[in-house]
Amino acid sequence: MLSALRLISEAAELAARRHNGMARKGRGSEPYVNHLAEVANLLATATDGADAELVAAGWLHDTIEDTDTTREELAQKFSERVASLVVECTDDMSLPKAERRRLQIVDAPKKSAGAKLIKIADKISNIRARIHSDPTPDQHADLTDYVDWAEKVVAGCRGGIAELDRVFDDTVKLARSFP
Ligand code: ZN
């Protein structure tokens, strides 16, 4: 088992390499790694650094869905728990988007405590990226649509860490404060 620092440092490096060249959706088309850093840091802060595997899984949470990374590889390089947390946060990309979105709402309450925290942090980061200071009508519609859906997913994930729930609520409030 890797030390906490090595676990997180190696997760960050693997995530950065695997998502290399990808841009995230939303404001400024930031490099994808910015999203992963934000999710990992939200988790580290919410747990006050008590759960290294959770933070590592935060770095890696999109690797199976978006890159050619497998569960086996993550289990071997990191741990069985890191691998299963990432699997829990992986959508079946063979399904249409509307079905994937519906399943996220239905499946959220069945997830492990750690996966619920990752999903909340992921939604916080994705909402923040969609908040533009001077949105076009399309950007506004995209934000509203995303926030409406994210609230339904997070409804099934809440109650683990009050601080993370509060950050999500504040982010939704901020998003809805734009006319
Ligand atoms: Zn993500």
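Is Y146 buried or exposed, judged by its relative accessibility? At 6% relative accessibility, Y146 counts as buried. The model is a predicted one, and the points below are grouped by topic.

**The aromatic pair in helix α9**

- One aromatic pair is found when the whole structure is searched. It is formed by Y146 and W149, whose ring centres lie 5.4 Å apart with the planes at 75°, so the pair is edge-to-face.
- Y146 and W149 are three residues apart in helix α9, and therefore about one helical turn separates them.
- W149 has a relative accessible area of 10%, and because the limit for a buried residue is under 20%, W149 is buried.

**The zinc site**

- The zinc ion has as its protein donors H35 (NE2), H61 (NE2), D62 (OD) and D122 (OD), at 2.1 to 2.3 Å from the ion.
- The angles subtended by the four donor atoms around the zinc ion run from 83 to 175°, which makes the arrangement irregular. A tetrahedral assignment of four donors would require all angles to lie between 85 and 135 degrees.
- Along the sequence, the spacing of the donor residues of the zinc ion is H-x25-H-D-x59-D. Distant parts of the chain are linked by the pair H35 and H61, which are 26 residues apart: H35 belongs to helix α2 (residues 32-46), and H61 to the loop between α3 (52-60) and α4 (63-66).
- H35 and H61 are both buried.

**Helix α10**

- Helix α10 (residues 162-176) has 15 residues, which at 1.5 Å a residue should span 21 Å; the C-alpha atoms at its ends are 21 Å apart, in agreement with that expectation.
- The buried residues in α10 are L164, D165, V167, F168, T171, V172 and A175. They cover an arc of only 160° around the axis, and this puts them on the same side of α10.
- A162 and K173 are exposed, and they lie on the other side of α10.
- The cover over the buried residues of α10 includes α2, α8 (113-130) and α9 (137-155).

**W59 in helix α3**

- W59 is located in helix α3, and with 15% relative accessibility W59 counts as buried.
- Leaving aside residues up to four places away in sequence, W59 touches I8, A11, A12, A15, V33, L36, A37 and A40.
- Between W59 and N34 there are 10.0 Å in space, C-alpha to C-alpha, and the two residues are 25 residues apart in sequence.

- S29 is a residue other than glycine with a positive phi, near 40°. S29 is placed in the loop between α1 (4-18) and α2, and with a relative accessible area of 49% S29 is partly exposed.
- D48, which is not a glycine, also has a positive phi, of about 50°. D48 sits in the loop between α2 and α3, and its relative accessible area of 71% makes D48 exposed.

Conventions. Residues numbered from 1 in each chain as written. Predicted model: local features only at pLDDT ≥ 70, side-chain atom pairs only at ≥ 80, totals over all residues. Heavy atoms only, no water. Donors = N, O, S within 2.8 Å, 3.2 Å for Na, K, Ca; no water. Tetrahedral: all angles 85-135°; square planar, octahedral: opposite > 155°, others 65-115°. Helix = DSSP H or I, 4+ residues; strand = E, 2+ residues; numbered from the N terminus. Buried < 20%, exposed > 50% of the residue type's maximum accessible area, 1.4 Å probe, protein only. Expected span 1.5 Å × (residues − 1). Arc of directions from axis to C-beta. Contact = heavy atoms within 4.5 Å. Phe/Tyr/Trp six-rings, centres within 6.5 Å; stacked < 30°, edge-to-face > 60°.
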